[in-house]
Amino acid sequence: MNMRPLLLLVLFTYNSVLAQPGPAQTPSFTTDQKIQALISQMTLAEKVSLLHGNSKFYVAGIKRLGVPEWALSDGPHGVRAEVNRHDWAYAGWTNDSATCFPPGTALAATWNPALAYQQGLVLGEEARFRKKDILLGPGVNIIRSPLCGRNFEYMSEDPLLVSRMAVAYIKALQTKDVAVSVKHWLANNQEEHRDSVDVSMSERALREIYLPAFKASVMEGGAYTVMAAYNRFRGEWCSENEYLNRQLLRTEFGFKGVLMTDWSAAHTTVKAALTGLDLEMGTDKNDYNEWYFANPLIKAVEEGKVPVSVVDEKVANVLRVMFNTKMFDEQKRAPGKMNTPEHQQAAYNSAAEAAVLLQNNGKLLPLHFDKIRSIAVIGDNATRKHCSGGLSSEIKALYEITPLQALQQKFGATVKINYAQGYEKQSTFKEGNNSGQAGAAKVNWKLIDEAVAVAKQSDVVIIFGGLNHDFDTESSDKQNMDLPYGQEVLMQEVAKANPNTVVVIIAGSPVQLTGIVHRVPAIVWSWFGGMEAGNAVADVLSGKVNPSGKLPFTVPVSLAQSPAHALGNFPGRDLKVNYEEDILVGYRWFDTKKIQPQFPFGYGLSYTDFSLSHFSTDKTAYGKNETIKATFTIKNTGSVYGAEVVQLYATDPVCSVLRPEKELKAFQKIFLKPGETKTLRMTVKVADLAFYDESKKAWNTEAGEYILQLGTSSRAIIQKVKISIK
Ligand code: BGC
């Protein structure tokens, strides 16, 4: 049927409705009709005005047509404080202090998508309160190297774990009529030379490792916007990459939203326009009219280099996101809320569930504060606040409780707390210049001697060490995996002085723990914990909260074990990096190559014990379109309430191509009272056992035997079941 006369009629009717200027509100119109009607009324200049920023985080609206201004804000773990319209200074507002969640790796360490969902709801509400329409998150890049400065903002080395958390976050956030922006599309796995490096990888690595979280974010999460990364991918800038932006994002994923640049990641007008970029943000030119998608785009259309239909397509994408987030119907939008007790509780819940108990020799933890007379609290991170660091993800938190504050407030009345700084933050970090990390290994013996003295006077010692946002930060990578500032020496000396020493690692990316694992009995990894960091870690140490986090990445013994470093391709050479480790990222590498890491992916202890049993599948043989239903029984065999994350890995022992030793296919976090038993089910689609077959350019589930492995980490497999695929 020829739709054209119908559309013209619709437009005619619609235009008369719009005689009184006002947004596209004709109830009988579909969204697409409203969009087309609006576009038909726009001049070229008006169309183009919707396709580039007119300040740091805003895009102009079109007043006469009722198209509202678009307001964007950084995330991903809080709504960033208001930045001036035309420079990067903060605007100094008094109502923009916000709830600060623990960043990405901490969220992933909870292995609990319900918490990602909660976070999405809170961020949506706070974004609405701040009148923001788009929140720039989640960050779903894969953690490829322990050194990437932005690991803390990302989530995991495993695509399934990232996907599950991202989808929950996106779905929740967008129910609040705020769009997400999934970033950074694609292969922004290092900060070094991020704005010039050219990444190459096999099609298989792309499909199996680096794409799934983006695909799930768009296809399952329904993400309204995506942010193109700074780097090049296979020779082309991500912001003008035909393969990424047209073929994968638009055609394969069916993305109908807005593809925006990262801030100042546009490079051309015509090519970017033709390859599917919609919105240019952050370009470093004071006159917004000079941006690639401003006057030069008008000129390109006038010269016939960019068809007007391409501009219309972009405008339609912008308007579609505006309709999806009810921007034309402001009174119907979800109401905003800021800093409610519920928001703060959600931030606390994430921090508490993120903590990973790495080691607990002699059951030193939990600490029985009712029986302890004195504790030494040592370390710069006992008093350091982290929410305001990391660059674009920094949050002006309404408050941030440090570990020392929380311990004092919870136990100070009955327990004597002796504080010593222990080590000193020596780096003077400047954006884009990681030389600030130099001197990071310096040992300050005066501080160590003071720490040893307080350790000797105390029943128990807690050292809060790890990193800070001079290391875990946007814009530069770590130079090594060491614990900086001579902390190892501090920890060793203190543990000699008092064997009852607990080390708490506060960091968002892997650090080397070899110098301390054999010297201190107890280690907890508590991440950057957001505004409730101190309360959460204090409750974990005291046993009020039973740790239930699991590592979302492998902690190598040394950097050289880690795949990209073992192969010498991080951060690349001559502005090129080839991901030679291919699909063997993270535990896929360690397990396949039989390398013993310090702590494996998915690992974390509890104050209680669990038993896993009765692992079975509903059938022994499956067709390729079927779903495997696996059941298992889990029991809390210890004496306290707690949670276990049950992980289901799959192995394809005989295959025409190399397969990783195991791949995570499903997981479930289960809370159990002491003595409680549950029989539960996890499902895996047979299709998800496939590998990406480069020869067929398609997913391939080869017939034959597969092994399903049920465990509590990638290295703690409790039961296996063999199945066959027909
Ligand atoms: C970062 C993005 C961020 C943007 C706006 C860029 O430097 O890479 O993640 O959203 O700045 O602040």
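A: Strands are DSSP runs of E with at least two residues, numbered from the N terminus, and two of them pair if DSSP finds at least two bridges between them. The model is predicted, so local features need pLDDT of at least 70 and side-chain atom pairs 80 or more, while totals for chains, interfaces and linings use all residues. Residues are numbered from 1 along each chain as its sequence is written, and side-chain values use heavy atoms, without hydrogens or water.

The sheet is open and has three strands, ordered E17-E19-E22, with antiparallel pairing. From one strand to the next, the twist averages 25 degrees (axes are lines fitted to C-alpha atoms, and angles run from 0 to 180 degrees between N-to-C directions). Six antiparallel bridges join E17 to E19 (residues 627-636). Ser611 has Lys635 of E19 as its bridge partner.

Around the ligand there are 15 residues (a heavy atom within 4 Å), and the closest are Asp74, Arg150, His184, Asp262 and Glu474. The shell comprises seven charged, six nonpolar and two polar residues. For His184, a side-chain N or O atom is 2.7 Å from a ligand oxygen. The protein buries 96% of the 310 Å² that the ligand exposes when taken alone (Shrake-Rupley method, 1.4 Å probe).

Conventions
Polar contact = N/O pair within 3.5 Å; in protein donor to acceptor, adjacent residues only side chain to side chain. Nonpolar A, V, L, I, M, F, W, Y, C, P; charged D, E, K, R; others polar. Helix = DSSP H or I, 4+ residues; strand = E, 2+ residues; numbered from the N terminus.
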